[in-house]
Amino acid sequence: MRRGRGQTLRAYCVENGEDPAYISRLERGMISPPKDNGVLERLAQSLGLKPGTEEWDKFHSLAYVAAGRIPPRVMEDKELVKHLPLFFRTITGERFPDEKLDEFIAYVREKYEGRGD
Amino acid sequence: MVREWKPPYLSYDETHSRAEAFLTEHNPNRIIPVPIEEIIDLKLKISIITLPDLISRLASDSYLEPDLKTIFIDQSVYEFIPRARFSLAHELGHLVLHREFYEIAEYSSSEEYKKARNTLLAPEADRRFDIQAMNFAGLVLVPRFELNYYFEKAKDMARHGGIEPDNVPRYFLDYAASWLSKQFEVTEKVIKKRIELDTLWEFY
């Protein structure tokens, strides 16, 4: 995203008062994204993202996933959370009755289809 | 058995041609100072990652990863822009001139890089490896045509100030190196080396 804005690591860090050692490692996936929401928001804003936009949500979702956490938006959806154990066990190769999977797929489709995320 | 690798012989003029080809592709508008970080970071999409104490561990400012996608640079070097620019251009020199080394070498840390160099390069080859990259860096950051142009300008400036460069060669060299280092955003040492290699001024 920084490169997309035509900013070198140095220019970005100088403009936003960030530490190049930290930012370069973060970008390269050598360290996990910050868990502190305030820091995440600061980084998102420094990249020109606006709260409430699709890019803002995507940035936060990716940061949560990269840190091994489930995005809050998912956690707020009680019905979806109910299906998470099934989802995780399925993607790690465990087999489940088709009707349970169908139920989960139908829920996700109804709730999220067409949202692009 | 470990394979030994030798950088190909390359004259200074051949290195100059490679540096000019690089500039034609990546700095076609001949911007001075050469925007080396933009070229590396934004055009070539090579990540620049700073590491504390790299110099003490490696006895070198920086190194390039074998995937050619990351340059690690000492944190304190990175903070001193003229030296950082040269170190980064030096790694580009390795990328352009010594690609084969990176196909053979296997390492994922500075210690392993040091070991890979010691294993793959005999002392003479290791010296050539570095000299070629340094020459490339100098020729990219201080291109021949622009150096000539600015060097003549420095002479004019000195004459305007009532100083005839030929009468005070040492003093003029220091004066020119100081001024040129700001134009090209490199250290005075790099400027003096470029002047020496292009035989623009007699060294005493």
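Guide: The secondary structure of chain A amounts to seven helices and zero strands. This is a predicted model.

Visitor: How do you know how chain A compares with a compact globule of 117 residues?

Guide: Such a globule would have a radius of gyration near 13 Å, but chain A has 18 Å. Along its principal axes, the C-alpha trace of chain A spans about 55 × 25 × 25 Å.

Visitor: Where is E18(A)?

Guide: E18(A) lies in the loop between α1 (9–16) and α2 (20–27) of chain A.

Visitor: Why is E18(A) called buried?

Guide: Buried means under 20% relative accessible area. E18(A) has 10%, so E18(A) is buried. Of the 117 residues of chain A, 34% count as buried.

Visitor: What makes the pairing of the side chains of E18(A) and R42(A) a polar contact?

Guide: The cut-off for a pair of N or O atoms is within 3.5 Å, and one atom must be able to donate a hydrogen and the other to accept it. The side chains of E18(A) and R42(A) make such a contact at 2.9 Å, so the distance meets the cut-off.

Visitor: Which residues is E18(A) in contact with, leaving aside its neighbours within four places in sequence?

Guide: They are Y12(A), C13(A), I23(A), R42(A) and L43(A). Contact here means heavy atoms within 4.5 Å.

Technical notes. Residues are numbered from 1 along each chain as its sequence is written. Chains are lettered from A and ligands numbered from 1 in the order in which they are written. This is a predicted model: local features need pLDDT of at least 70, side-chain atom pairs count only at pLDDT 80 or more; totals for chains, interfaces and linings use all residues. Side-chain values use heavy atoms; hydrogens and water are left out. Helices (H or I, at least four residues) and strands (E, at least two) are DSSP runs, numbered from the N terminus. The radius of gyration is taken over C-alpha atoms; the globule rule is 2.2 Å times the number of residues to the power 0.38. Buried means under 20% relative accessible area, exposed over 50%, partly exposed in between (1.4 Å probe, protein chains only).
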